[in-house]
Amino acid sequence: MSADEPIIRRRVVSGGHGISDARTNNAKTQSQYQPYKDAAWGFINHWYPAVFSKELGEDEVKGIQICGIPIVLRRVDGKVYALKDQCLHRGVRLSEKPMCFNKETISCWYHGFTFDLKDGKLSTIVANPHDKLVGTTGITSYPTEEVAGMVFVFVREDDFSLDDVPPLSQDLPFR
């Protein structure tokens with residue numbers, strides 16, 4: 001991605017009328033205010049402050065919500081990882097009863113689905129490690145950065161490419 005290319009933060013789904021479905025109302029006419037109505041919880045595909053750095057200690061797990069999306073944070077070896085706080089099996093919150101068997105994963109306390117912290121991939125199922133789902137699915141991971149005593153998370157749509165994530169500095173106001 002070159003520096004001259006625009007950053008696309010909202011995918012356009014055309015219904016043959018050239019207007020994003022996110023920007024049309026029931027009468028199929030364009031509403032310039034629709035993106036703001038949709039953003040009642042915040043704008044998706046942007047960086048957000050999540051927690052103060054001191055609020056998340058080493059090997060600690062914390063559940064938060066940004067833009068209406070549940071997110072689980074875990075600090076390992078000083079780095080903060082963020083995943084969707086919702087097991088893909090039954091939708092259970094991983095942060096409700098954190099289970100961390102090693103430094104690379106977090107497991108669902110309900111049925112043992114274990115996800116890689118780096119990319120959210122299903123790395124094993126505790127009760128069935130040879131299941132054909134292992135390695136083929138996962139939960140959304142969110143980029144994180146820690147700046148000036150604050151942990152920032154890029155809250156993205158599930159299908160928003162990690163290659164398109166802009167630098168944190170583009171979403172922060174000038175000092």
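Okay, quick definition before anything else: I call two strands paired if DSSP finds at least two bridges between them. Strands themselves are DSSP runs of E, at least two residues long, numbered from the N terminus.

Housekeeping next. This is a predicted model, so to speak of local features I need pLDDT of at least 70, and side-chain atom pairs count only at pLDDT 80 or more, while totals for chains, interfaces and linings use all residues. Residues are numbered from 1 along each chain as its sequence is written, and side-chain values use heavy atoms, with hydrogens and water left out.

Let's start with the hairpins. β5, residues 105–107, pairs with β6, residues 113–116, antiparallel, over three bridges. Isoleucine 106 sits opposite phenylalanine 115 in β6. Five residues separate the two strands of this hairpin, and in the turn glycine 112 has a positive phi of about 80 degrees.

Then β6 pairs again, with β7, residues 122–125: antiparallel, three bridges. Here threonine 114 faces threonine 124 in β7. That's a hairpin too, with five residues between the strands, and glycine 120 in the turn has a positive phi of about 80 degrees.

Now the open sheet. It has three strands in the order β1-β10-β9, paired antiparallel. So who's at the edges? β1 (46–52) and β9 (144–147), each with a single partner strand, so one side of each has no neighbour in the sheet. Neighbouring strands are turned by 30 degrees against each other on average, direction ignored; the axes there are lines fitted to C-alpha atoms, with angles running from 0 to 180 degrees between N-to-C directions.

Terms used
Helices (H or I, at least four residues) and strands (E, at least two) are DSSP runs, numbered from the N terminus.
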